[in-house]
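Reader: I have a model open and want to go through a few spots in it. Can we start with a contact between side chains?
Author: Fine, go ahead.

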Amino acid sequence: MATSSTGPIELAQTGKRDTLKALETKYQARWEEERVFEVNAPTLEETKGLSPAEIKEKFPKWFGNFPYPYMNGSLHLGHAFTISKIEFAAGFQRMLGKRALFPHGFHCTGMPIKAASDKIIREMELFGEDFEKFVPEEEAVHPHPHPAPTATEDDPAHGRVDKAKKGKVAAKATGLQYQFQIMDSIGVPLEEIKKFADPYYWLEYFPPICMDDHSAFGSRIDWRRSFITTDANPYYDTFVRWQTNQLYSMGKIRFGERYTIYSPKDGQPCMDHDRSEGEALGPQEYTGIKMEVVEWSGSAKAEIEGKVGGRTVYLVAATLRPETMYGQTNCFVGPTLKYGVFAVNEKEAFVCTDRAARNMAFQGVFSTRGQVHKLLDIDGSKIVGTKIKAPLAIHPEVYVLPMETVLATKGTGVVTSVPSDSPDDFATLTELRKKAEFFKIDPSWAAIDPVPVISTPTYGEMTAPVLVKQLKINSPKDTKQLAEAKEIAYKEGFYNGTMLVGEYKGQPVQEAKTKVRENMISQGLAIAYAEPEGFVLSRSSDECVVALMDQWYLDYGEPSWRLQAEKMVAKMNTYNAETRNGFEGVLAWLNKWACARTYGLGSKLPWDHNFLVESLSDSTIYMAYYTVAHFLHSNIKGSTRGSLDIAPEQMTDDIWEYIFRNGPWPKDSPLPKEKADIMKHEFDYFYPFDIRSSGKDLINNHLTFCVYVHAALFPEEKWPLSMRTNGHLMLNGQKMSKSKGNTLTMRQGIEKFGAGATRLSLADAGDGIEDANFDEKTANANILRLFTLISWCEEMTQDKSKLRSGPRNFHDKVFEEEINELINVTYGHYDATNYKDALKYGFYELQSSRDWYREVTSDVGMHADLVEYWIRISALLILPIAPHFSEHIWSEVLKEPVTVQKARWPTPASTPDRLTLDAGLYIRAVTKNMRDAELGLLKKMNKSKGNQTLPYDPKKPRSVRIYVATSFPEWQDTCVQIVKESYNDVADKVDDVKVRTLLTERGLIKDKRAMPFIQLFKKRMSQFGAQTAFNRTVPFSEVEVLREIAPYIKRSLSLVDAEVLLVEDARAEGFTRVLMESAEPNSPAFEYYNV
């Protein structure tokens, strides 16, 4: 991945860019007018009597899609990057003669829009309808250092599109306090912001902006199939209700008590799309060990006495290892942390952090759900020295000790200490014993030695002490080593450990762990406790907790369903191992998922209208809806009927079941069967989809949910064929950041560089799962490249008098073969969705080939037919990536009457000739070597300042003799034969011992040239393959090729003469023996001399 450290650039001159943008606007209008991107299945009449396989062969199709974007702002360049993968693929698949479907929907379900609209309502109450009462504390600094270009009235960007140029509505890192300020910052006029108090206004405002941005980008989207989600579109609403009912009837949606991430402020679960921070984090379940206070420390007693109402007080420690509680030797608290004593009921009180108590309040721990009754605050330092009961421990009473690494943001702030199995506990206990006076503790409080609890084959009965010694951990501050030791200890204990004590002595830890936990909870020695795996912030700016609640959930992770999902992923093309590993990893841990909420926008849960289907649960199979959307409605809201004149109420569950799942035709159908058959035919033709492209972050939720629900609802032949993921897009080598001004929306990129240069730069940004980079310098350079290329093509076709016709020479043949080879290489990269390489070979290398051809034929001129062929091929090979450029060349330069969007991929008349291609590479290498030799000599002259004797003076008239060898030196042939005899083709390995033996036998072991040569030869074997390396013959006549290129060598190097000689002939002439002896097949030597 190439990166750049530069920031946003300013374009000094924009004339060439503006010319290109004018052409882009022209061709976008033509494509829209000709409805080029509207794609339909063949009709029922066309496919009558054909089997599915015959239909596929006669009417090939391709269906690609990407996750529909959320409609609370305009698309940013990261969206464009992911979209480009489908956009480029759609262009390529069209060229293969397929009916290439690329649809686009608009996601509006969930909390973000509703939360933002509610904020505007509150802000209008505070500051007035137009926020006129707002007085800023200080003049706000605009978050974008470079203002967006101003559109003119004839610019297609004029008007509505400008209102949301600056991206998603999100206060992340912008420093803006109020929602109306955020709306203002993205270009919404102040007087219009009040309309956004209605959440449904967002659904009207932003989708047209998104469509305009795509139009300016040149996207090949069939807009007839677009829609908005939620019940605002009554047709899509019936589709969501159908799939939800089906999953419910299949037992995939269940109701029950379970842990979920929850926003107390919103009063409902907070799923991934509802979060500002903490996406993909779930509940972490602990065992809360109840450690009854036997005797408070003096400091704590003074604070607590008389304030707990006679309740029994427990320190509650959250642990992931309840099976180790037999080995407790003490308990830890953070001496600098603040704790609270919280009333559980009238009889008990817990000591823990405020954060832990807030989580407990929603888990049925306290007497009143959602309410925390704090009796008092107390410093952790004052709790130190308190004597407590240690449930299950061999030593039933232990003391509370200080631990400086205890966090208030993890667990309860109280930590059990089992130094036999916890490296952190052992390191801290050792430190406290050494420095009791420093830590102000009584040595007797830390007097209990580690107690053996678990035996492991690797570390025996004292895992933690052994690891601390092995990893040379000297203190609790050795955090890196301790983290490593902790991971090793946990895995070794869990997977290989055996219990040494307690009720389950002799049992594997894997079996005992759950039993110990359940017993402790049932006996009242512990509680079940959970909290988020990390910090989670809702869109309403509420820190989320884990709540135990009755809710509707999708039973992801259920064994039989998971097996289906794993089978789908195994069959699916994921394009790289990282994506496949990502899916497999998520399938291994993904569990029940809350699928309903009470707040936000969406479709109502069919059997309980108090709930809405949440945003990641109504977006799992909507790709199927694309296939029939245009039949149902003619606008995205579904307010006008589509081509089949169907009412929403006619789309019952039975009808959807018939269309998508081959269900029986309902007896009392509200819809004529002929109409349903048309939709069913369209679905069966386009499904399954061929590819879904997405950012890699969606593997954790959306993409895996898509896999699960497809596996549940569709037969295998309708399962997705592939899913492709990409990394995030950086801008100029840095992460995009609004606060730093390093951000660019899709529209801003198009306005700044034009669609063509932007698209080229997105293709150049990268294709892997690692983060890619959009370099503005590259985009700016692409403006000049496109403009120059168009000018050259126009010039070549307008004045053919400069071009040659008639018979073709050697250079013509090489040029044609190189074009044909690049056609095939570029095809392979497009087919593999490697667009950076497709760009490299189908655009940059193609131009390099032309540049060389133009140079070597400058004396006789380029052949007119080949120039036109190159122009045609250049337009076609880059068509998927830069269609505006291709359209101009196709329509205006080549005068083709039909749009280039209907052109087919070029097919060379014959397989590219390898001999000619190799000869072309050969002459480039030879001329480069000759030129480099001259440059090297000039540098040597400059350094020596005339004090060194040189073989010739490159500044005076000179000629060159090129020596061609027809055979290798005998010692080299012997070395190659030795390697060949020592090579095992099955293992693809050279036996070095045998090589040395054979070198000794053949008298070459002491030859200083032999081993370096063999090492280089082995390197060549690894680079090009053994058989290629062993085949050392040159497949063409070097002498003939060099004589063809000799006029160019003379001309380009300003030589008097260039003579090509065989080494045998040169020897007879008595030329410099050392030079000619250095010649080898495929590597001629050359000798410059003054004349």
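Reader: What do the side chains of D859 and R1051 form?
Author: This is a predicted model, and in it the side chains of D859 and R1051 meet in a salt bridge, at 3.3 Å from N to O.

Reader: How many salt bridges does the rule find across the interface of domain 2 and domain 3?
Author: The count across that interface is 1 salt bridge. For polar contacts, the rule finds 5 residue pairs there, with both residues at pLDDT 80 or more.

Reader: Which elements give two or more residues to the side of domain 2 that touches domain 3?
Author: Those are α24 (810–831) and α25 (835–856). On that side of domain 2, α25 gives the most, with 3 residues.

Reader: And how do the residues on that side divide into nonpolar, polar and charged?
Author: The side of domain 2 that touches domain 3 has 3 nonpolar, 3 polar and 2 charged residues.

Reader: Back up a bit. Where are the domain bounds?
Author: The domain assignment gives 283–532 for domain 1, 802–912 for domain 2 and 949–1090 for domain 3. The contact takes 8 residues from domain 2 and 5 residues from domain 3.

Reader: How far apart are the C-alpha centres of domain 2 and domain 3, and what area is buried between them?
Author: The centres lie 34 Å apart. The buried area is about 600 Å², and carbon and sulfur atoms give 60% of that.

Reader: New topic, backbone. Is the peptide bond from Y687 to P688 cis or trans?
Author: The bond from Y687 to P688 is cis, with omega near 10 degrees. P688 sits in the loop between α20 (673–686) and β24 (691–695). Most peptide bonds are trans.

Reader: What about phi of L392?
Author: Phi of L392 is near 75 degrees, which is positive in a residue other than glycine. Most residues other than glycine have a negative phi. L392 belongs to the loop between β12 (387–389) and β13 (397–402).

Reader: How accessible is L392?
Author: L392 has a relative accessible area of 30%, so this residue counts as partly exposed.

Reader: And what is phi of K472, and where is K472 found?
Author: K472 is not a glycine either, and its phi is positive, about 55 degrees. The loop between α12 (463–470) and α13 (479–496) holds K472.

Reader: Is K472 buried or exposed?
Author: K472 is exposed, because its relative accessibility is 64% and the cut-off for exposed is over 50%.

Key
Residues are numbered from 1 along each chain as its sequence is written. This is a predicted model: local features need pLDDT of at least 70, side-chain atom pairs count only at pLDDT 80 or more; totals for chains, interfaces and linings use all residues. Side-chain values use heavy atoms; hydrogens and water are left out. Domain bounds come from an automatic or database domain assignment. Contact means heavy atoms within 4.5 Å. Buried area is the accessible area (1.4 Å probe) that two parts lose on being put together, summed over both. A salt bridge is a side-chain nitrogen of Lys or Arg within 4 Å of a carboxyl oxygen of Asp or Glu. A polar contact is a pair of N or O atoms within 3.5 Å; within protein, one must be able to donate a hydrogen and the other to accept it, and residues adjacent in sequence count only if both atoms are side-chain atoms. Helices (H or I, at least four residues) and strands (E, at least two) are DSSP runs, numbered from the N terminus. Ala, Val, Leu, Ile, Met, Phe, Trp, Tyr, Cys and Pro count as nonpolar, Asp, Glu, Lys and Arg as charged, and the others, Gly among them, as polar. Buried means under 20% relative accessible area, exposed over 50%, partly exposed in between (1.4 Å probe, protein chains only).
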